[in-house]
Amino acid sequence: MSFEWRKIEEKWRREWEKARIFEADPDPKRKKCFVTFPYPYMNGPLHLGHAFTATRVDVYARYKRMRGFNTLFPWAWHWTGEPIIGAALRIQSGDEEIIKALKDIDGVPEEELKKFVDPVYMARYYTSEGKEAAKKIGFSVDWRREFHTTYLEPTYSRFIEWQYETLRKKGYVVKGTHPVVWCPRCKSPTGDHDRLEGEGVSPEEYTLLKFQFGDAYLPAATFRPETIYGVTNMFLNPDAVYVEAMVDDEKWIISKEAAFKLSEQMKKVKILRELKGSELIGKYFVDPISGRKLPILPGWFVDPESATGVVYSVPAHAPADWIALKDLMNKPDVLKKFGIDPEVVKSIKPISLIKVEGYGDYPAIEIVEKMGIKDQFDPKVDEATSLIYKKEFHTGVLKPITGKYAGKRVRDVKAELIEDFKKMGIADSMYDLPEKVVCRCTTRCIVKILSDQWFLKYSDPEWKKLAHEAVDRAKIFPETARAYFHDKIDWLRDWACARRTGLGTPLPWSPDWIVETLSDSTIYMAFYTIVKHIRKYNIKAEQLTNEVFDYIFLGIGDPKALAKASGIDASIIQEMRDEFTYWYPVDLRVSAKELVPNHLSFFIFQHVALFPRKYWPRAIGVNGMLLIEGKKMSKSKGNFLTLSKTVDKFGADVTRMTLILGAEGMEDPDWRAENARSIDSKLRSLYRLVNEIANMRGEDEPRSIDRWLISVLQGRIKAVSEAIENLKTRTAAEIALFEVWNDIRWYLRRVDKPNPKTLKEVVDVWVRLLAPFIPHICEELWHLLKKEGFVSVAEWPVYDESKVDVAAEESEDIIRSLMNDTLNIIEATKKAPKRICYYVAADWKWKVYLEILRKALSAKVEMGDAMRSLMRDQELRRKAKEVSAYVGKLLPEINVMPEDQKRRRVEAKKIDEEALLNQAKRLLEREFKAEILVYNEDDAKRYDPMNRANLAKPYRPAIYIE
């Protein structure tokens, strides 16, 4: 059978649009389900990472729609911030890397590329492309509610203005002085999503320890000021440019880069002269604690971009310092170039200052040897440093060398120690970034201390308390992410909510500032509920006053009075209010785990700030980050797949199913082309099988095997439903596609003649179970099955307990287990069988088995209790010796049996294994190409040359092969 996915997919997309089945309006008679996916940035096309998360949302939405919920899945586009302007500026400057990526990966034609110097044109282009891609993969979106952000959508900007004026009124937006990640070129704070590199990196405060050098200081940055008691030397980069500078009336020697950073941190900095690091190598500085003179050594590992570019060395407790010293000890010629006697370095002895459980005096030396670290370029150095730092900080106790701090834990004394050092004049502080951060404009970012900047006061303890409450009230998928949310809510500090450049909405009270990209994307789900009214009634931005929004979203005010003031009819204002209260709260929002520290936490914070508890989010899903062929997705490295191209290559449903089967929870899915090809083959086979069943004719009386198939299908319905409810989308897809298919395969293998009625009943359910995952194919199959309407809105299969036949299920398990056991014996003996004899357990064994099973449902069964109970039966009393031996073997097996299995076997009662195996004879003969004989172990005329029959047990017939 030849068919093309594209034709099938295009056909059903047209039909869906024509019938408008995904447009959702309030219906008080129906339960609602409101799901959202974070609107994507339009500085590029939708990619497979977007597709993975959005497909999970769509699976949930389609499932809920089939469950009878009035389901709304809206979509919008994020144009705010620096990403789009940054990309436009790079194109304008002729940046070959981005131009090549846009041509080769995004597939932007040359004539369009020229227009991308206009950021708005670029955003419109990618929005148009993105919408087409989202439609192409079959997302069940209500496109009437589509919008994009920024002042170019004036009504949305008015909504953001209301949001921020309300937050400010409530005291959540404040003016303050704080360190922020700053782009020197854009002259703006740089939020996570305005970065090319370094998402999630925040300013860290370093302590600067000031070491005397002539009439100047060498300030070295550290997170561990207690280690000054173990200093042995200093490292400077000989090739770096340093400066002598007056910093707040003190002469400091620091890297040139550090001088600029400090000037942005409210310090007065005046550069006196520049010098190479090599000028200082071999000279001596003074340790301010002991007054010792210590050498300055060459360290090419010292990064002038990191803090001050000055590193003091503590080889007993810092693995990198010990390794650097060892390297220098082995390079006497290098030392001589700087006029350093190699004996100076060899004579440096580590100084122990912290007692750490599990280590001796020199933890750094021990861990270097233990991990086999060869030199300072070994990647294991960072791991060793992290291990020692955490261990010493949390459990380390300071030794007598530290004076008054001796006997105290490092973590308990750190703040006190810093304060003391500052009073002594030997310490200062600065902020820096622990990792490189690059703005979308390609400029490397620094930390700037901003005064008179607007911040969201995420540090507010009362606000944090409400955010924690919202997390506790909501369902979190997976449950393990709940602790991650709580941790990040505690960790969040005040957040700069506005920047100077980029697209966006100006702060209404300070229009020189634009609300930044992670701060205008927190409650826009509320805007979805009213945007269709804004379009339908042609409502202007200026009509949407704060008072109108107060009524729509907070229920404050009177629609009639508002109508007079705004010019919007009172009935329309009421309609918008009713629409909002119908759809809110958000029932599920899903995003990637990298957004928990920012976007998803902000989403929670701002909902609890603005809305009453009944409108707080009900459920949040978190998933992993997509890999491509085992590697992180990266456009610059060419490891990047657009959604549109992938769907063109493999088809929408193949793409959807491959993505969904990739991962669940917070695991990172890995897109591999070979997996997509494999899914393509499976879906083609699925199509052929269902088509074949659809064309079957006739109806037979149901047999045990038919009852089995209908029965196990009930379990599959239940398992798929529960998995989707808990956003275990991979589990749900695996059961719906593979396990149901395996059930059908077993049925076809078991019967000589399949029952068309049974198979048609099963595929009717099967197609509906698969519809949320592969909707286009399922619509086509629904049509082949001569069903009415769309499968996308057909009733979701319901678990029917009356169709569960435990005895039929247990019977098939007996056949499967028996076949496996037989196969294992054949493989072990390596002989082809001519005859196979099966011996089923005698009736008395069944009587004993079921009696003990019933007892085991309530408690562990002991030998004495079992025998006392069994010996009340006359027949069993006559076989007391055999019964005792049998019970002795049975008890260990039954006492460890899962409770569910015990209950099922009690419910199934005695299974007529002899009749079952005789009925399965044809299957067994086909499988093993041998004569099959079935006996009861009590059959005196049985063929049993090796006396195997007495080994027979219920559910485990004995086997003899010759």
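This report describes the overall make-up of a predicted protein model and then several of its local features.

## Basis and overall make-up

In this predicted model, local features need pLDDT of at least 70 and side-chain atom pairs count only at pLDDT 80 or more, while totals for chains, interfaces and linings use all residues. Residues are numbered from 1 along each chain as its sequence is written, and side-chain values use heavy atoms, with hydrogens and water left out.

The protein has 36 helices and 32 strands. Helices (H or I, at least four residues) and strands (E, at least two) are DSSP runs, numbered from the N terminus. Along the principal axes, the C-alpha atoms fill a box of roughly 110 × 80 × 55 Å. Of the 962 residues, 58% are buried; buried means under 20% relative accessible area, exposed over 50%, and partly exposed in between (1.4 Å probe, protein chains only). Among contacts (heavy atoms within 4.5 Å) between residues at least 6 apart in sequence, 77% join residues at least 24 apart.

## Two helix pairs

Two packed helices are described by the angle between their axes and the distance between the axes. Axes are lines fitted to C-alpha atoms, for helices over the stretch in contact, and angles run from 0 to 180 degrees between N-to-C directions.

Helix 9 (residues 319–329) packs against helix 12 (residues 363–371) at an angle of about 75 degrees, with the axes 8 Å apart. Helix 9 and helix 12 are therefore roughly perpendicular to each other. Angles of 65 to 115 degrees carry that description; those under 35 degrees count as roughly parallel, those over 145 as roughly antiparallel and the rest as oblique. Helix 9 contributes Pro-319, Trp-322 and Ile-323 to the contact, and helix 12 contributes Ala-364, Ile-365, Ile-367 and Val-368. By class, these residues are 7 nonpolar, no polar and no charged. Here Ala, Val, Leu, Ile, Met, Phe, Trp, Tyr, Cys and Pro count as nonpolar, Asp, Glu, Lys and Arg as charged, and the others, Gly among them, as polar.

Helix 17 (residues 525–536) and helix 18 (residues 546–554) have axes that come within 11 Å and cross at roughly 105 degrees. Helix 17 is thus roughly perpendicular to helix 18. Ala-526, Thr-529 and Ile-530 of helix 17 meet Phe-549, Ile-552 and Phe-553 of helix 18. This contact has 5 nonpolar, 1 polar and no charged residues.

## Strands and a sheet

Two strands pair if DSSP finds at least two bridges between them. Strand 6 (residues 204–213) and strand 7 run antiparallel and are joined by 7 bridges, with Phe-213 opposite Ala-216 of strand 7. The hairpin of these strands has 2 residues between them, and Gly-214 takes a positive phi near 60 degrees. Strand 7 (residues 216–222) is largely enclosed by the rest of the structure, because 6 of its 7 residues are buried.

An open sheet of 3 strands has the order 31-30-32 and mixed pairing. Strand 31 (931–936) and strand 32 (958–961) are the edge strands, each pairing on one side only. The twist averages 20 degrees from one strand to the next. Strand 30 (residues 835–840) pairs with strand 32 in the antiparallel sense over 4 bridges, and Ile-836 stands opposite Ile-961 in strand 32. Helix 29 (residues 806–829) packs on the sheet, touching strand 30 and strand 32, and its direction makes about 35 degrees with that of strand 32. Helix 36 (residues 921–928) lies across strand 30 and strand 31, at about 135 degrees to strand 31.

## Selected side chains

Ser-140 is in the loop between helix 6 (119–136) and helix 7 (154–169) and is buried at 0% relative accessibility. Arg-904 is in helix 34 (residues 899–908). The table lists their polar contacts, each a pair of N or O atoms within 3.5 Å; within protein, one must be able to donate a hydrogen and the other to accept it, and residues adjacent in sequence count only if both atoms are side-chain atoms.

| Side chain | Partner side chain | Distance |
|---|---|---|
| Ser-140 | Arg-65 | 3.0 Å |
| Arg-904 | Glu-809 | 2.7 Å |
| Arg-904 | Glu-810 | 3.1 Å |

## Backbone details

A cis peptide bond with omega about -5 degrees joins Phe-477 and Pro-478. The bond from Tyr-584 to Pro-585 is also cis, with omega near 5 degrees.

Leu-727, although not a glycine, has a positive phi of about 55 degrees; Leu-727 is buried, with a relative accessible area of 3%. Lys-929, also not a glycine, has a positive phi of about 50 degrees, and Lys-929 is exposed at 69%.
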